[in-house]
Amino acid sequence: SATGLLTVLNDILDFSKIDAGYLELTALSFDLADVVHGVSTLLAPQAEAKGVHIYCKWEPDTPSLLVGDEGRMRQIILNLAGNAVKFTKHGHVSIETKCLKREAGRAQIQVRVSDTGIGIAQAAQTRLFQKFMQADGSTTRRFGGTGLGLAISKSLVEMMGGQIGVESQPGVGSTFWFTLWLPIQMQDAPLPRSVLTA
C-alpha cells in the first residue's frame, strides 16, 4: 500500500511540475546501455514470477555513451517496460534499442518496448497518452495504476524534442516506442554486443 501510494504521489508531482513548467531536464554524460539493462534487471523478478521472459536487444552500431537526462530516460523506459510486464500473462517483453540516423555528433535513438500481452484496441490507442486515462477503465481495478505514466512519458519525450507512439493488436501484444536525438559522447564506440539478457 505504501509503495502504491508513493507511486501515485510521485506521478502527480511530476505531472504538476510539467503542467506548471517547473520541470527541468539535465544534460549530462550517461550510458544508455546501462540504463536499459538496469531497467530489465529491476523488472526481471516481477516478470519471472509470472513466467514472462524479459530481454534486451541492442542493435549493432548503436552508440551507448550519450548526453542527456539519464534519470528521465530511465523513468520513460521503466514506465513502458513496467506496463508491458504488468499487462503480459505469458510470453515475453523485449526492450530494443537502435540508432536510426547519425549526423553532426548526434544520434537519433529509438527505444522499442514490445510484449505479447493483452493488446489495445485501435479506438483506445488515441487516448492512451492522455492523463488519468487507460485503454480500458476496468483495468484500473484489475492491474492498478494512476493513468498518468504514459502521459508523463509523452510529456518528457516531447520536452526532449522527441516523439512517442504505440502499435498494438488485441490478443497479440503491443509495442511502445520513442525516438530522440541525443549528442554522442566523444569517446563513444558502438557496443560489440547485439543482445543483452536479464
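This protein has six helices and eight strands. What you're looking at is a predicted model, so-called local details included.

**Strand S4 and its partners**

- Let's start with strand S4, which covers residues 91-103 and pairs with strand S2, residues 52-58.
- S2 and S4 run in the parallel sense, and seven bridges link them.
- To spot this pairing in the model, find Val-52, which sits opposite Gly-91 of S4.
- S4 also teams up with strand S5, residues 106-115, but here the two strands run antiparallel.
- There are 10 bridges between S4 and S5.
- A handy pair to look for here is Lys-98, which faces Gln-110 in S5.

**The turn between S4 and S5**

- S4 and S5 make a hairpin, with two residues between them.
- Ala-104 is in that turn, and its phi is positive, at about 50 degrees.

**A tip for looking at strands**

**The protein as a whole**

- Of the 198 residues in the protein, 45% are buried.
- The protein exposes about 10000 Å² of surface, and 55% of that comes from carbon and sulfur atoms.
- Now take the contacts between residues at least 6 apart in sequence: 75% of them join residues at least 24 apart.

Definitions and conventions
Residues numbered from 1 in each chain as written. Predicted model: local features only at pLDDT ≥ 70, side-chain atom pairs only at ≥ 80, totals over all residues. Heavy atoms only, no water. Pairing = 2+ DSSP bridges. Helix = DSSP H or I, 4+ residues; strand = E, 2+ residues; numbered from the N terminus. Buried < 20%, exposed > 50% of the residue type's maximum accessible area, 1.4 Å probe, protein only. Contact = heavy atoms within 4.5 Å. Areas by Shrake-Rupley, 256 points an atom, 1.4 Å probe, with all protein chains shown as cover.
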